[in-house]
Each structure stands twice: as structure tokens, then as C-alpha cells.
Amino acid sequence: MPGLVLFGRRWAIGSDDFVFPGAFELFLRLIWWVGVLVLYSVHKERFNCTGGGLLHTYLLVLLVLLAAIICAVSAIVCVSMRGTISNPGPRKSLPKLLYTRLFLFLPEFVWATVGAIWVSDSRVHCEKTVVNAIFGTVIASWIIIIFTIIAIVIVFDPLGGKKTLYLTDAIDRNLESSQSGQLFYNVKKTATRVWEKRIRLLCCCIVQNDDHRVAFTSIAELFSSYFSDTDLVPSDIAAGLSLLHQEQDLVENCPKDPEEILCHSPTSPVADDLDVELENAAHYMQFAAAAYGWPYYIFTNPFTALCRLNRDCCRNRATDPDIIGGDCLNFHFGSILRITGLQYRDFIHISFHNKIFEIPFFVALDHKKEAVVVAVRGTLSFEDIITDLSADCEDLTLEDLLENGLVHKGITQAANYIYRKLINDGILNQALTIAPEYKVVIVGHSLGAGTASILAVLLKNSFPMLRCYAFSPPGGLLSKSLADYTKHFIISVIVGKDLVARLSMPNMEDLKRRIVRIVANCNRPKYQILLRGCWYEVFGGNPDNFPTELDGRSQDTLTQPLLAEESLMVHHSPSYSTLGDESHLNSPQYPQLYLPGKIIHIVEESSTRRWCSSDIKYTARWSKETVFRNILISPKMITDHMPDVVLKALNSLSQDKASCISCQTQDDFNTNVV
């Protein structure tokens, strides 16, 4: 940060990003140069063969060319190590060095072509070792050229020309704000088209209709809007996340705000309620995990799953449940049976149908808890990802709410699809006809948790005893009024530093703001930040308290995003109005949305590492939604979201509770005997 400008356009790479690739190339080139020099020294008297003069000339020119490339790459690495992320001034000579290095590719390409022709010439009859060595140098040259072309394609920014024009006009010509705003609008419009093309390319195998095209456009606008007001290259984001992780770990042991954590004594009624809900959650999480079908079952049983499922696919069924969608070899249904422990006759309806805004689910009778369970699958396909990313807000009207609530648009459409299936197709009525005394329980994980929550809101009036267990639901789901309304019948379960539970557009804006702030004010070079960050993530240790340049700089400078070769953004984003102002977290398009229901937060209390496994002890507590208003950076931010980790944590808590009850019963018995 800022992005490098070459050939009149901006590239998705910074001027301080050439340290590691340059050092790697330098290492290879030095070994190559030494090898060619040794080859030439050992065989310089043996080029008297037919064609030897040509090969002799090839080696001499190659030595000179490699020496020039080594000097150019050394200069690039040295210059790229200078300055800091937000201070590219000491690296202002880097573009000239890059032009020089790119110019050297031309003779290298020519010489690699010539070498290939010479080596393949049948008239050359020199020593086999020499010919093979030169053949190796030719192959090495072509490999480096090909990888360089691939790297150029990767760092190419389709918007580079537009952004450079925007910056040049806005800075050099000092345009009025209206003209600058029009240029910025044109950049965002072009960015939206680019993102839409990327999304369509990723989803090229998905059958598309008008609704899907609207979803693609909405997601493209989301991405273009999020990335349009900053000039962060990927390595800047990596450095910022590393710095934030270490900064976060430095303050993690600070006393928590008593309003944000609800603590209860072990004997309080609320604590008893927590134990009951944890036991229920551990039971229903099996249904939420089972909704993933065979991918989850094979992932959790990698050595035995296929054998078991192969046996099941050949077994005759007593009765066939209502199954919609493809289930090759009965693997999905067989996995659901094994995970839930239910029988064929317990399933009322199973849908494996999967399209954008239409996700799989199943309805089954749970005789242990006397419940009709509706289990909704989480994200497992590109269609599900599009549903997740359709993050616009829409109104959800409920008669018993004082005001209309806002909800996640994509997830709400998925919930409406399942609602129509359950009600219009009479699936729930069929289940309750079989077991009229059973209550309705809706469960799901991740996307399934968000869909289950909104589905529960839609069904609550029709089924007053309805309950919902949402495991790792997405953070940007319900407005405040709806979130408060759902506290009576929805339980959300979140493990550790789960990213998805904290994922919302305001939280992402806050993360972007924190990344810009911390990388803009760290006075260490990027390569040092990344080296230290990799060491910390892999080997641990004490977090590094990186010095910053906060002192002596104005707050306005510190809170503005960085664009191109400038330290300030030309188009001022409302997201960065002030460093301490949180008003930017709410915007008309993406207001603050919250997690559904009452929240159980499960955290890791202690961990014992063993040779092939780890023994983790968990603790659970009721938490407020404000605890999840910041994205926490951690290696576990992804793994804590996985369904197997959630189920493991819940089972561990249930087992610990059962052990405590057993011990207490034994102590009471011993006391009575005495």
C-alpha cells in the first residue's frame, strides 16, 4: 500500500512486495550463475567439437546476462526493503529498476530460444554432459519466464488504468468535488462490471435466471463498494491481519466489560437453564451436522465411512421417505441415518435440491425429544455461497412486532423457499398428523442456522411452542427489534472466535478501518511484519508490540484510507470520518444487523497437546450480541466455525456436566452412608 504504478496503470502489488520473490529469484540465479561458471571452467578446453563454438558463445553470453540480472534483482530487493507500508518515498526508484529488469527478459527470452535451437541441432556432437547441462539452463530459463508471465497475470488489476486516471485528474488538475465524485462513480461502476464478470465466470456451471442475475449484480456492487475507497494490495491485508492478531493478543487478558459478559453462579436458575440448553444443543447439533450428508460423514470418519455407506446402499428399505433431488448411491441419506441414529420410517421429507436461494433440508421425527425436527443444511456449494453473499437488507413484516424488522436478503429468500415447502406442500401437517403431541424444532449450522432462524420467525405464530437452535449463525442476520423478539424461542451457539458469527458489512468496514489504521502507522517494513507474523502464527511466542508513527501525525491523516502513490484518499469515504467514531458502522444500505436469539458462547478454557491429538476443555456462558461486534483475528477463526468442532465442544460440555452430576451423586451417597 499504495499499489505500484507501472506503464501508466496501477497493479495489485506494492513496491515493497518484491523482497521475498526477489530474494528467491536471486538465490536461484546465484546458484545458476555459479553452476554455469563451474561448467564453463571445467569444460572450456572441450569445445573443439562440432558446434562447440556456438555452445561456447552461448555460455559466455549467458554468464554476462545472468550477472546483469543478478545485479538488477539485488537492487530491486534492496530498494523494496526500504521505507514502510505507508511511506513509499524511499522506494521511488523501484519502477525504473523494474523497467530495467523487464527489459532484461527480452535478451533472456531470445537467448533461451537460441539455446534451445543449438541444443536440439543434430549437427552438434559435443560431450553429452555439456549438452545436458546447457539443456538444463535452457529449461530453467523457460521456467522462470513462464512463472514471471503467470505472476504478471495474477497482479494485473483490470481497474488499474481507471484508478490511475482518476488519481491523476483529481490530484494534478485539482478538480472540483463534483467532478472528482463523478470520476469516482465511474471507477465504482467499472469495478462493479468487473466483479460481476468474475462472479459469472465462477458460477458458469450454474443455471441462471433473472433472479440470479440480480443477485450477481448485488454481490458485485457489494465487493466494488467495499474495495473502492482503499488501495490495499493482498500483502497489505496479510500484514494488517498479522498486526491485528498480535495487538489483539496483547490486550486479550485485559478485564472484560461486565456488561458484555453475563456471568452466573453455578447454582443460579439461569445457570441451570444454560445446562439444559447445552444438553439440547448437543443433541440437535447432530441433526444440523447430518444435513451436510456424506461430505461431513466422510470428513469425520475418513477410514471407515465409505465401507459403511457402501453396505447401506445395497440394503433394502422397509419404507421410502419423500426424497427430492439427487442422492447418488444413497450416500446422502445413508450418512444422515448414521449420524442421527434414526430409522427410515422416522423421516417425513428429505430435499437434496440445491439452487441459489434454495437449499437442502430434511424433516424427521425425533422420538427421544418428542420433536418434529426441521434440519437445514449449511454452505456446501457455489449456489450456497451466492445466497450467503446476497447481503442486502429487506423488510420482514410481522403482525406482533411494533415495527418492521430488517433481515439478510439472500438468507430470507432461502427461508421463504423452505417455508413454502413446509406449509404449502403440507409437510409439517403430515408430520404433526403422525405425532400430534410433538413440538416443532428447527436447527441448522452456518447458512443453515441463519435460514433456520428466519424460518422460525415465519412459523412462530402458527406453532407457538416452536424452538430453534442456530449453530454458528452469520452475524449480519436480524435487526435489533427482530433479534430481541427471537430471544424467547431461538438459541444461538457460537464457539470461540468464529468468523462467520461476527461477519456483517459494518463489522467488515470496521475491520478494513482497523487494518488501514494499523498498517499506515507501523514504522516497520512490510517484510519484517510478515516474517514476524509467520513465526508467531506457526511457533507462537510473545506478540510483538510493533512501534507506530502515531505521535506527531494528525488524526485526519491517520483515519484516511490510502490510494495509489498518495498517503491520503482523494475521494473521502464516510467510513473513515474519525478514528473513534462508530457512526460509520451503520449505513442506509448495510445497517447493523445482529445474531438471532439468546447466545451461548463456548470458549476454550485449556488445551493439552499430545502427539497425535489434543485434549481441549471448554466452558460456556450466556453472552450479549455486543460481544460479536468485532472480527477477531486468529488461526481458529475458521476452524471454530466447522460443524465437527461445534459438535465436539457441545459433546465435551455435556460429558463434563454428566461427570459432575455423577460425582455429586456419589458424594451425596457417601455422605448419607456416613
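A: Phenylalanine 489 has a relative accessible area of 2%, so this residue is buried. The model is a predicted one. Tyrosine 485 has a relative accessibility of 14%. The cut-off for buried is under 20%, and tyrosine 485 therefore counts as buried too.

A pair of aromatic rings is described by two values, the distance of the centres and the angle of the planes. For tyrosine 485 and phenylalanine 489, the centres are 5.5 Å apart and the planes stand at 75°. Planes over 60 degrees apart count as edge-to-face, so tyrosine 485 and phenylalanine 489 form an edge-to-face pair.

Another aromatic pair is made by tyrosine 284 and phenylalanine 287. Here the distance is 6.3 Å centre to centre, with 45° between the planes, and the pair is tilted. Both residues belong to helix α9, which covers residues 269-290. Tyrosine 284 and phenylalanine 287 are three residues apart in that helix, or about one turn. Both tyrosine 284 and phenylalanine 287 are buried.

Aromatic residues can also be grouped in a cluster. One aromatic cluster consists of Phe333, Tyr344, Phe347 and Phe362. The count of aromatic pairs in the model comes to 11; among them are the tilted pair of tyrosine 284 with phenylalanine 287 and the edge-to-face pair of tyrosine 485 with phenylalanine 489.

Notes: Residues numbered from 1 in each chain as written. Predicted model: local features only at pLDDT ≥ 70, side-chain atom pairs only at ≥ 80, totals over all residues. Heavy atoms only, no water. Phe/Tyr/Trp six-rings, centres within 6.5 Å; stacked < 30°, edge-to-face > 60°. Helix = DSSP H or I, 4+ residues; strand = E, 2+ residues; numbered from the N terminus. Buried < 20%, exposed > 50% of the residue type's maximum accessible area, 1.4 Å probe, protein only.
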